[in-house]
Every structure is written in C-alpha cells, then in structure tokens.
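Me: I am new to this structure and would like a short walk through it. Could we look at it together?

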Amino acid sequence: MRKLICIFFTALILFSCDPKPAEIPVPMETYVPVYASMSDVQQISVEPEKATINAGKIYAYQNYIFQNDLYSGIHIIDNSDQHNPVKVAFLSLPLNTEMSIKGNYLYANNYTDLVVFDVTNPARPKFIKRVAGVFPPANQEYPPYTNIYFKCVDKSKGIVVRWEKQNIPTPNCRR
Amino acid sequence: MKKSIFYLLLVSLFLCQCQKDSSSLSKNSGSVGQGGSLARFAITGNYLYSVDENQLKVFDISNGGDPVLKNTEDIGFEIETLFPFKDKLFIGSATQVYIYSIEDPAKPKLLSSAISPDVMRRCDPVVAKDSVAFATLRTNGPCGGTQSVLAVYNIKDITNPLQVATYPVGEPYGLGYEDDVLYVCDKQRGLLLFDISHPYQPTLINISINDGSYVDVIPYQNTLICWTTTGLILYDITNNRNPQLIKTVN
C-alpha cells in the first residue's frame, strides 16, 4: 500500500513538473495603419502616370476620363483619340475618394477639406483653393475591407493616410 | 474700307481673348461632366452637393474657383448615395430614401421620407430616365434581402415611387443607360445589357461581356466607361446594343 501511494505521488510530481511548451504567436496577415501629419496629408502634386492600385470611382469630362485611386489620388486619362485612351498624369491627393467637374474646375475631397483645381489643361491640374474642415475624417477607424485583421488605430500618432499589409503576431483588431 | 474691316477684326479678336480669361472670380457657366451611379458628389446648376454618413453639404460654386459652403443638412444615419434628378435630390440611407427638393438650390427641403425599406434601400445606386427609375438592390453585405435584383420604379409622382418590376441578377453594383439600353454591372455575371424601350419590362439582351469585374459604368459620347476592380475598360457603344472593346486601362 505505501509503495502504491509512493508511486502515485512520484508520478503526480513528475507530471506536474512537466510544463507544456509556451504558445508562440504566429505572424498573421494584418493591415497596419500608416500615419502622417496634417501637412503631409495636404501635400498635393501632379505626377507622371502610373499603374492603378485601388481602382475607384470614375468621372468623365469632355475628352478626359478621371479615375480615383482609393485614398491616394486621381488618374487622368486623355481620351481625345477614342480608339486609344492613355493615362497622362496622376494627381496625388491623399485620402481622396470623390470628384466632380464644372467648367474648368475640378472639385475633390482631400481628407476633411474640399479642394479646387483649374483643369483648363486637364493633364496639368493647378491647385487653386482649399475649403478646410468641411468633411468628416474618413479612413481613420479601420481599413476599407472586411474579414481582415488590423492593428487598432492610435490617434495620438497622427492621421491614418493608408493601410499596409504586414505579417505581425497577435493583431489586436478585426472586422 | 479694308482698313476698317481689319481694325474691326482686331477689336473682335481682342474681345475674344478677354472672354477666354478664366480668372477664378469669373462666373462659372461651364459644362458639367458626368459621374457614375456610386458618386457622393454631384453638381447641378451652380451648386455642388456632397453626402457623408449623416449630412448633406451644399456648396455654391457660381464663382468657380471659390466654392462657399452654404448649408449643412442633417439627413439621417448611414447615408450612402446621392442622385440629383431634375429639381430633386434622391438620398439613400440604411432604411429609406429621402427625397429633397432643390427648387431653392441652396436650401434643400425634405419632401418625403416615408418610403418602405423594401422599395428602395441605401445600397441601391439609382438612375432615372423620364418618369422611370432603375436601381440595383444587392443582398450581400449590410444591405440585406433575399435575392439581388434590378428594380424598376414608376416615379411619375416623385414623392411616391412605386416598384413595378424586378429582374433577378447575381451581384449587382452600378448602372447607367444610353437611350434604350441599360447597362448593369454584375460582379458574378459580367456586364448585363437590358432593352428598356418598354421601361417597365426590361428585357435582357443576349450578349456576354466578361472582360473584367464591373463596379460602375458611365455611358459618355459613344463610349461606355467601365470601372472594374483593376482599373478601367472602355467600349465603343456607337451601336449601344453591341459594345465593342476598345481598351483596358489599369
């Protein structure tokens, strides 16, 4: 009987001293916010044409077609030769989603602001005016996708200007 | 005599040059471009209208380069779509469509909001032609419903749209029309064409167009401009029932 009890307790001790290996967090595909300052967000420039990354809303005006690249800017396409439309420029406009044209004025959103460009030469938009603080901030809570993990936004770090896919362990947010 | 004609010509040339001067303070009576059915900016007359989640903003753009915010209206919650039609604005939200009068363009006035959620819902891009409106009602995502459809409405009494027909589709998004052909973007089935010469009975035109995953369209100057998930596809719609691929621009 004592032997049995001894064996029992020895076994108990042996098993209890055998720790399970710690859980190692596995890196997962996660959207990570990229922060910028307000002055970065208000940086506007006309750049050479480039590939479309996040195809967005479209707009037609005379011989030109405009396509938003989500939260990034506007592709400008010359359609004067309707058999051969070509991209001619990219208007870099952070956090842009919308545009509309009347006469030779292009109206667009730039984060919380309405901005106006002279598009007398549509391939070379010229910035004219900013009406600040008229739209609510967009893209500041979560990325524009669903069924994804993301790193929660820390507003003290600045304005979320875009999201980047990275592999990081234990993302703390999901949608 | 020749000298006076010459001077007259000079003077008229000079005058023409002055008219071309586009200072930012000159009145903007220029032409308006065309956006797709998913736009949240819309220009009509001398005003730019914009919707966000809760509000409608009205900007006076009569001085083209100097827009002035004139009005902000609280509309509701989860506003998604904006569609100007004659002297009205259709604004779609999660539960209903609000119809505003812009007879006084700076002061949109609510005409009606008592519309059944089954009739028009917020995820529904709408286009109108005369006294008929077409909308795509999509079931996936937050929009709900059991079958995605193209819906047709009698809008003779614009404050009381009546659903008169539905046509089952796959996963519809934006739409647009050119004369009697309605183009509907269907992510599952491609670009669908409907004959709408009898608008209450849209008839599917038997043609298969599947060069991309279509999100929205703008029929413009004999070209169908398609927004796809990778960029743009352009079709020649000189024969609007038989789009001919021009080019993909990605």
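This is a predicted model: local features need pLDDT of at least 70, side-chain atom pairs count only at pLDDT 80 or more; totals for chains, interfaces and linings use all residues.

Me: How many bridges join strand 3 of chain A to strand 4 of chain A?
Reply: There are 5 bridges between strand 3 of chain A and strand 4 (residues 64-69) of chain A, and the two run antiparallel.

Me: And in what sense do strand 3 of chain A and strand 1 of chain B pair?
Reply: Strand 3 (residues 55-61) of chain A pairs with strand 1 of chain B in the antiparallel sense, over 2 bridges. Within strand 1 of chain B, B:Gln34 stands opposite A:Ala60.

Me: What is the order of the strands in that open sheet?
Reply: The sheet is open and has 6 strands in the order 2(A)-6(A)-5(A)-4(A)-3(A)-1(B), with antiparallel pairing. At its edges stand strand 2 (45-47) of chain A and strand 1 of chain B; each has a single partner strand, so one side of each lacks a neighbour in the sheet.

Me: Now the contact between the chains. How many residues does it take from each?
Reply: Chain B gives 43 residues and chain A gives 35 residues.

Me: Which strand gives the most on the side of chain B?
Reply: Strand 19 of chain B does, with 4 residues on the side that touches chain A. Among the other elements that give two or more residues to this side are strand 4 (55-60) and strand 21 (244-249) of chain B. By class, the side of chain B that touches chain A holds 19 nonpolar, 17 polar and 7 charged residues.

Me: Changing topic: which domains is chain B divided into?
Reply: Chain B has domain 1 (30-121) and domain 2 (123-250). Their C-alpha centres lie 21 Å apart. In the contact between them, 18 residues of domain 1 of chain B meet 21 residues of domain 2 of chain B. On the domain 1 side, strand 6 (81-85), strand 7 (88-92) and strand 9 (109-112) of chain B each supply at least two residues.

Methods:
Residues are numbered from 1 along each chain as its sequence is written. Chains are lettered from A and ligands numbered from 1 in the order in which they are written. Two residues are in contact if their C-beta atoms, placed from the backbone, lie within 7 Å. Ala, Val, Leu, Ile, Met, Phe, Trp, Tyr, Cys and Pro count as nonpolar, Asp, Glu, Lys and Arg as charged, and the others, Gly among them, as polar. Two strands pair if DSSP finds at least two bridges between them. Domain bounds come from an automatic or database domain assignment.
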